[in-house]
Amino acid sequence: MEQEGPISYARTFVRLLPALLLAAGACYDYLTPSQFSAAPLFTAAPLVAAPLYSRRGTVLTGVATVLVVLAVHLRLGIVLEVDAVTETVTVVTVAVLAVLINLLVRRSSERLASQREIAEAAQRAVLPGPAGRIGGFDIAVRYEAAQADAFIGGDLYAVQDSPHGVRMIVGDVRGKGMGAVAAVAIVIGAFREAAEQETTLEAVAQRLERALAREATRRDSVEAFEGFTTAVLAELPHGDGVVRIVNRGHPPPLLLHTDGRVRALPARDPALPLGMGDLGTWPDRGEEYGFPGGATLLLYTDGLSEARDRHGRFYDPEARLAGRAQEPGALLAALVGEARRHSGGFLTDDLALLAVRRPL
């Protein structure tokens with residue numbers, strides 16, 4: 001919030017810059033001998049306006065610039081002198097070019113807006129936001145892309161109610177770009193099907209492993225064969241005050257109690273990430289922890305825990321979570337804001353957060 005004032009003032013100054021250039025040019029031409037020219041200031045005004053203003057605003061700026069130049073020349077009585085005519089023709093030419101530049105900028109902006117709409121639609125299709133309440137639990141998710149104007153990357157989340165309890169996953173696909181997005185779609189699609197059909201959380205993890213293995217055999221790129229996904233799966237059985245966890249090489253979930261205590265839930269038997277089954281077979285072992293009423297479970301990707309400040313210090317979600325008493329949505333918004341401030345306003349990696357609270 002501290003940066004809003006300076007940023008707002010800077011934007012106001014930039015939008016006023018064409019008018020300031022005109023005023024400065026008029027004063028310079030009027031107050032200096034005729035052999036001095038303010039043509040650079042006059043030509044800059046419409047060029048600055050082109051990417052900032054609408055087409056109408058750019059045209060009006062160009063017309064105003066030409067009129068100011070003619071008014072100064074009339075006042076000095078040099079309208080028909082060679083230098084004055086040259087300056088006028090130059091300003092008219094630049095004003096026309098500014099209108100053309102404005103047209104190109106507007107078309108590019110429209111294409112960018114269209115691409116953003118497509119990206120938003122892709123995010124909603126691949127990572128739809130879950131309902132705020134599922135199976136009696138309060139749910140909130142948050143996705144933050146590190147890349148400017150990006151809406152989806154390699155991080156993922158999903159929540160699925162099933163006959164066996166509310167099941168959820170948070171994961172991080174190795175790699176970037178459309179390959180990572182495709183892997184996200186595969187993992188989430190396989191998870192939703194397996195969460196509904198498999199009787200154990202360990203079996204769900206094995207279904208995801210097989211889905212990634214099948215996809216790897218269909219692809220020819222090196223990235224597809226070397227890719228893997230770290231993930232943590234959680235299950236909240238109906239009617240039981242427990243949470244079951246299967247961790248595949250992912251940061252451990254955090255459990256926030258009503259008294260403000262925070263407990264990490266690390267895997268006692270570490271397992272390889274999903275997609276690395278060809279390196280060996282280790283049986284998944286789910287671990288069970290108490291999940292009392294009022295407590296909040298936080299699942300997150302390493303984009304949160306690996307956010308660094310200017311001194312290289314990592315953001316510590318376990319320490320920052322202690323003492324919180326916020327509902328899941330507000331909690332995630334606060335954590336994201338703190339992580340951004342900790343890293344100087346720029347995240348180096350995407351992050352996905354999922355918070356679930358058991359009602360009292």
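Which residues have the most contacts inside the largest nonpolar core? The legends below begin with this point.

**View 1. The largest nonpolar core of the predicted model.** This core has 50 residues, and Met 168, Ile 169, Leu 233, Val 243 and Leu 297 have the most contacts inside it. A nonpolar core is a set of buried Ala, Val, Leu, Ile, Met, Phe, Trp, Tyr and Cys residues joined through side-chain atoms within 4.5 Å; buried means under 20% relative accessible area, exposed over 50%, and partly exposed in between (1.4 Å probe, protein chains only). Helix α5 (residues 177-197) gives the most to the core, with nine residues. Helices (H or I, at least four residues) and strands (E, at least two) are DSSP runs, numbered from the N terminus. Apart from this core lies another, of 18 residues, including Leu 304, Tyr 315, Leu 331 and Leu 347.

**View 2. Surroundings of Leu 233.** Leaving aside residues up to four places away in sequence, Leu 233 touches Met 168, Ile 169, Phe 191, Leu 201, Val 204, Ala 205, Leu 208, Arg 244, Ile 245 and Val 246. Contact denotes heavy atoms within 4.5 Å.

**View 3. The salt bridge between Arg 207 and Glu 193.** The closest N and O atoms of this pair are 3.5 Å apart, where a salt bridge is a side-chain nitrogen of Lys or Arg within 4 Å of a carboxyl oxygen of Asp or Glu. The pair links distant parts of the chain, with Arg 207 in helix α6 (residues 201-218) and Glu 193 in helix α5, 14 residues apart. Arg 207 counts as buried at 18% relative accessibility, whereas Glu 193 is partly exposed at 42%.

**View 4. The salt bridge between Arg 324 and Glu 338.** These side chains meet at 2.2 Å, N to O. Arg 324 lies in the loop between α9 (317-321) and α10 (328-342), and Glu 338 in helix α10, 14 residues apart. Both residues are buried.

View 5. Arg 142 is partly exposed, at 29% relative accessible area, while Glu 144 is buried, at 13%.

**Notes to all views.** Residues are numbered from 1 along each chain as its sequence is written, and side-chain values use heavy atoms, with hydrogens and water left out. In this predicted model, local features need pLDDT of at least 70 and side-chain atom pairs count only at pLDDT 80 or more, whereas totals for chains, interfaces and linings use all residues.
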